[in-house]
Amino acid sequence: MLRKLHGWPGLVAALLLLVLATTGVILSVVPAIERAGATIPATGQISVADLAERVVAHYPGTEQIERSLSGEVVVYYSRDRQPGADLVNPLTGEGIAPYQPSAFLRWVKNLHRSFLLDDAGRMLAGGLAVMMLLLCLSGMFLLARRMGGWKAILKPIAGSGSSRIHAELARFAVIGLLLSALTGSYMSAVRFGLLPEAAAAEPSFPAEVSGGTPAPVSSLLALKNVDANELRELVFPYPNDPSDVYSLSTTQGSGFVDQATGELLQYQPRSTGNQFQHWMIRLHTGEGLWWLGLILGMAALTVPALSFTGIQVWWQRRSTSVRLGEGASIEVADVVILVGSEGNTTWGFARDLQNKLNQAGKKVHCAPMNDLAKRYPQASVLFVLTSTYGDGDAPSSASQFMTRLEHFQANDGLEFVVLGFGDQQFPKFCQYALDVDAALSSKGLQQVNLVTRIDRGSAIQFREWGEAIGEHMGISLALTHNPAPAATAEFELVERVDYGVAVNAPTSILRFRPVQDRRNLWQVLSFRSRSNLPSFEAGDLFGVAPPGDNTARLYSLASSASDGQLEICVRKQTNGLCSGYLHSLEPGDRISGFIQQNPGFRPAGGATPIILIGAGAGIGPLAGFIRKNTDRNPMYLYWGGRNPQSDFLYQPELGCYLDDHRLTGLNTAFSRSAEKAYVQDAIIADESALRQLIEKGAQVLVCGGRDMASGVSQVFDSILKPLHMDVDELRAEGRYLEDVY
Ligand SMILES: Cc1cc2nc3c(=O)[nH]c(=O)nc-3n(C[C@H](O)[C@H](O)[C@H](O)COP(=O)(O)O)c2cc1C
């Protein structure tokens, strides 16, 4: 609801608000410019009587003196029967320049007030001010929710992209925008009679005046008693008319002054209501408060960017908001999927899961977590897919889940699986999923496996989770959802190094450089780089689809963006469509591909010892990690190939890395040489050294084929046994990472 209240008015009003904001920015600097050009006497330095005397000395035909809240003093006079108006110096009364209000500023003011449309336009502007007020208030609550509460509102904002820029800008500008919107709404409401207008202090003309000989203006007591800085307006009596009076208006009130006695007549102070109204106008215009004007102007300056990023966020949410039908009813469903989502991306994953379960013959019921039923009589598995929001909190479609869970009755044998969607950059990574997992366990449900945490919508992690769950359920669960298919870019092969042909394992190191294109307008506006290429690290993935096939294959990257090229290590598979295509490339050939981040497979930073294990082409990302180890942290590589003469991938580079200590130790095993050993054998041979490293907190990264990885994890379980640990435990601590295919 809050989000709808924020989104729709924002979208409708964005264009008109841009007009209001742009004109507001222009008008906001006027008080500061006026203030900079005005001479302001010190308080108590001169009275209105002094000011009038000095002005009259230079302008004998003075009819009126006006002082703006910014301090500009204007005299209206008549000379040789011609009316004139000049800006004057209040200290000397001398003219500075003819007073010529800017026609451009008048036009801007009219555009700001009424879109140049009189009352209809004023009503529209008033409506927009109210809308802006709603946007500011709903936005403040959304921001507080995003930050995990009001107390955290000033903390650094996590996240990325337009949503983060929108939140940063909004936090900076909200007070200024709120003030402009509130005062603007008030002024419109008063103008259209929705709020009472406080009567202005308008004293009635005095019934009696002394009618005596006019005294010099400098001697009139009522004018001597008022400081010049308090003056708003002094209208002079009609010349040679002793029955006329001075009309005086100050910041405090209004009255008349007898031109002979100097007595103040019919004085009326401003009412509190009038003062309030006056302040509301000043707070809106910054008149007389030049610094406030500038603050309001800076806040208004953010409106175009807020509109742009707001529309982007709205569009992203819309394009990911395709929900599913509920599918099977609660009564008959044998699988239930509950979804916790704030920004809708989790629904895309849920849809894929639901489709694939349906394909496997399951009757699936899918609903928001807030719709948790009291019972699912036929269900044997409950999936909970949830994101985390705020500071480890529930997303909006799960806000009621924990309360509803208290009344939930699980049928016997109901198993559950929690899949968390989050972002590793947040300190409480997938915290809400962990909380839900603990709550379901405490209800007596059986956990299928530990919570899996998906980082930044990783399609790979989701696919791997699906494989594991499918295996458990005895069905094929080939999950393919990818929330943001990456934009492809063109790459040119610059170098290839071939290995392994003699041992029937053709493997090539392929090095590409991105082909630079001209950026289109959208890329410029959204700060995209020329080649569509995001920043990447070794271990991230390069996606390529072979000609005539839309499905991309993913290859682990052996280089990072700072290397200026994209390096992959590819083994040619028998009948492999994509690996065959890549192996057919010659330097100068071009291909298109994309980069997908894989933050779940990176070595921990700092002095933590790193154990790298791989076989065959799995060495690619591992070689990339070693290349980047310029801090010379302890790094050990265990790698298995076929024959040292034929497929010892990266042999020259590894020699250099050992020499310059980027690599601390290298252990190899070759299956088609005299030793006939696999990488697991090299690991076993080094068992006690590895155990010591693990005791020191080492992290293990494994890359290569699935069979090799499962062999390695078994070997590690045996190595860890004397430490009363196992691979699962290391995995849960983020100390055992795998990139397998
Ligand atoms: C304001 C905000 C706060 C977030 N807080 C967390 C958090 O505390 N922990 C976390 O792991 N992810 C956090 N995330 C990341 C989201 O959980 C992640 O992007 C998720 O994929 C969003 O899924 P949804 O669009 O279905 O809500 C946050 C994201 C945003 C925008």
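**Close-up views of a predicted model**

View 1. Residues 289–315 are 93% helix and 0% strand, and here the end C-alpha atoms lie 39 Å apart. An unreviewed UniProt entry places the feature "transmembrane region" at both of these spans, 123–144 and 289–315.

View 2. Strand S11 covers residues 381–387, and because 7 of its 7 residues are buried, the strand is largely enclosed by the rest of the structure. In a regular strand the side chains alternate between the two faces of the sheet. Both faces of S11 are covered, with Val381, Phe383, Leu385 and Ser387 buried on one side and Leu382, Val384 and Thr386 buried on the other.

**View 3. The strands that pair with S11.** Strand S9, residues 335–340, runs parallel to S11 and is joined to it by 6 bridges, with Val336 having Leu382 of S11 as its bridge partner. Strand S12, residues 415–422, also pairs with S11 in the parallel sense, over 7 bridges, and the partner of Val381 in S12 is Glu415.

**View 4. The shell around the ligand.** Of the 25 residues around the ligand, those that come nearest are Ser341, Gly343, Thr346, Ser387 and Gly422. Helix H11 (345–359) and strand S12 each supply at least two residues of this shell, which by class holds 6 nonpolar, 14 polar and 5 charged residues. Domain 1 (2–33 + 105–199 + 278–313) and domain 3 (320–473) both give residues to the shell, so the ligand lies between them.

Terms used
Residues numbered from 1 in each chain as written. Predicted model: local features only at pLDDT ≥ 70, side-chain atom pairs only at ≥ 80, totals over all residues. UniProt positions renumbered as here; feature names shortened; annotations may be inferred. Helix = DSSP H or I, 4+ residues; strand = E, 2+ residues; numbered from the N terminus. Buried ≥ 20, exposed ≤ 12 C-beta atoms within 10 Å, placed from the backbone. Pairing = 2+ DSSP bridges. Near = placed C-beta within 6 Å. Nonpolar A, V, L, I, M, F, W, Y, C, P; charged D, E, K, R; others polar. Domains from an automatic or database assignment.
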